[in-house]
Structure formats: structure tokens, C-alpha cells
Amino acid sequence: MTLTLAAVPRYYERTMLDIYTLGEEVLTEKAKPVKTFDSALALLVDAMFETMAEADGVGLAAPQVGVSERLFVIDVRDGKRWVFINPEIIATSEECVTAEEGCLSIPGVFSEVTRAARVTVQALNVKGRPFTVEAEGLFARAIQHELDHLNGVLFIDRLDKDEHDRAVQAFNRRNRKRRTRA
Ligand SMILES: [Zn+2]
């Protein structure tokens with residue numbers, strides 16, 4: 001099921017959102033640009049921050065909560081809460097960094113992923129005003145990971161085939177166990 005922003009006011013009376021996991025179609029779709037900057041969008045963003053904090057994540061993209069629109073939130077615990085709407089990477093460092101990554105939509109699975117060390121991003125804030133930010137470290141990694149979500153790409157899609165298959169198997173094993181317990 002894909003939610004539209006029109007459904008937001010009713011849906012977000014609950015501030016905790018369901019996180020969609022591997023296998024849900026919305027995670028493989030290319031999300032659509034946000035066109036309306038209204039109170040429903042602000043509510044969605046607040047609910048995404050709450051959901052992300054509760055799940056102990058550093059980033060959360062709208063498709064992960066079933067909304068196929070181009071926005072994500074990031075909080076790498078440096079005291080700043082970032083909202084990126086309709087983001088574009090306008091510059092990427094040649095230097096790359098390999099580090100372990102996980103995803104709230106693939107719980108329990110972690111793999112080393114190589115990404116650009118630094119990126120410059122242009123985006124809109126929740127009021128629709130443009131900004132540009134240069135990011136490095138975990139912030140740069142989180143931006144690239146979340147932007148992938150807006151294009152229907154998961155971090156395991158960036159692994160080689162064997163590693164990708166192992167990650168899917170690990171997720172399925174874990175999921176089966178959880179279902180049996182439930
Ligand atoms: Zn993710």
C-alpha cells in the first residue's frame with residue numbers, strides 16, 4: 001500500500017509510523033517530488049523524526065513509512081535535525097569511504113558499503129525554502145543512503161551478488177523467527 005500526503009491528517013494522529021521492510025513494493029519505487037508544503041507535510045516530518053528516534057536510526061526516508069515522496073530526515077546526534085525535500089547531490093568527492101551500514105527497513109542486517117566521502121546537496125526545507133549543505137563523515141553517508149531510498153535503491157543493492165543474497169537470507173531467517181514468536 002502506498003500512502004499519499006492527502007491521507008496524512010488522519011493517518012498521523014498516531015505519531016509513530018509503521019516502518020516498511022524488505023519485500024514491500026514502496027521500497028523499490030522511484031518516489032515523486034513533493035509539491036505541496038503544508039501542515040500535512042510538517043506533521044509527516046515530525047512523525048518521521050519520532051519514528052526514527054524510537055527505532056534508534058540516524059536517517060529515515062518517506063518510502064520507509066509508505067509515503068512515495070522525495071523527502072528524508074537525518075539526525076546523526078550532533079544536535080541538528082535535518083529535513084531534505086526534493087534533494088539533489090550537486091557535487092561528490094572522488095575519495096570514497098567503506099563502512100558498515102544498516103537500514104531500519106532491513107533490521108538485523110549490516111554490511112560494508114563504499115560511498116563518497118563528501119557530498120554537496122541542494123534541497124528544500126519543510127517550508128519549501130532552498131538550502132545547500134556540504135556533508136562529510138556519517139552525515140554524508142546517511143544522505144547518500146537516504147537519497148538511494150528515494151530512487152528505490154537499498155544499501156544491499158550496492159553489494160555484490162553473493163553478499164546481497166546472504167543479506168536477504170539473513171533478513172528472511174530473522175523475519176521467519178519473529179513471525180513464529182509472534
Ligand atoms: Zn535505509
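Author: The account below begins with the core and then turns to the strands and the helix around it. The model is a predicted one.

The largest nonpolar core comprises 31 residues. Met48, Phe72, Val73, Phe84 and Ile143 are the members with the most contacts inside this core. Both helices and strands build it: α2 (39–54) and α3 (137–150) each supply at least two of its residues, as do β1 (59–61), β2 (71–74), β3 (82–92) and β6 (118–124). A further core, of 11 residues, lies apart from this one, and Val109, Leu154, Phe155 and Ala167 are among its members.

When its neighbours within four places in sequence are left aside, Met48 is in contact with Leu17, Leu60, Val65 and Val73. Val73, like Met48, is listed among the core residues with the most contacts.

The strands may be taken next. β2 pairs with β3 in the antiparallel sense, over four bridges, and within this pairing Phe72 stands opposite Phe84 of β3. Phe72 and Phe84 are both among the residues with the most contacts inside the largest core. β3 also pairs with β6, again in the antiparallel sense, here over five bridges. In that pairing Ile85 stands opposite Leu124 of β6.

The backbone of β3 deserves a remark. Most residues other than glycine have a negative phi. Asn86, which is found in strand β3, has a positive phi, near 50 degrees. Asn86 counts as partly exposed, because it has 18 C-beta neighbours inside 10 Å, whereas a buried residue requires 20 or more. Asp56 lies in the loop between α2 and β1 and is exposed, since 7 other C-beta atoms lie within 10 Å and the limit for an exposed residue is 12 or fewer.

There remains α3, a helix of 14 residues. From its first C-alpha to its last, α3 reaches 21 Å, close to the 20 Å expected at 1.5 Å a residue. Because 11 of its 14 residues are buried, α3 is largely enclosed by the rest of the structure. The buried residues include Phe139, Ala142, Ile143 and Leu147, and also Arg141, Gln144, His145 and Glu146. Ile143 is one of the residues with the most contacts inside the largest core. Just after α3, Gly152 takes a positive phi of about 75 degrees.

Conventions:
Residues are numbered from 1 along each chain as its sequence is written. This is a predicted model: local features need pLDDT of at least 70, side-chain atom pairs count only at pLDDT 80 or more; totals for chains, interfaces and linings use all residues. A nonpolar core is a set of buried Ala, Val, Leu, Ile, Met, Phe, Trp, Tyr and Cys residues joined through C-beta atoms within 7 Å. Two residues are in contact if their C-beta atoms, placed from the backbone, lie within 7 Å. Two strands pair if DSSP finds at least two bridges between them. The expected span of a helix is 1.5 Å times one less than its number of residues.
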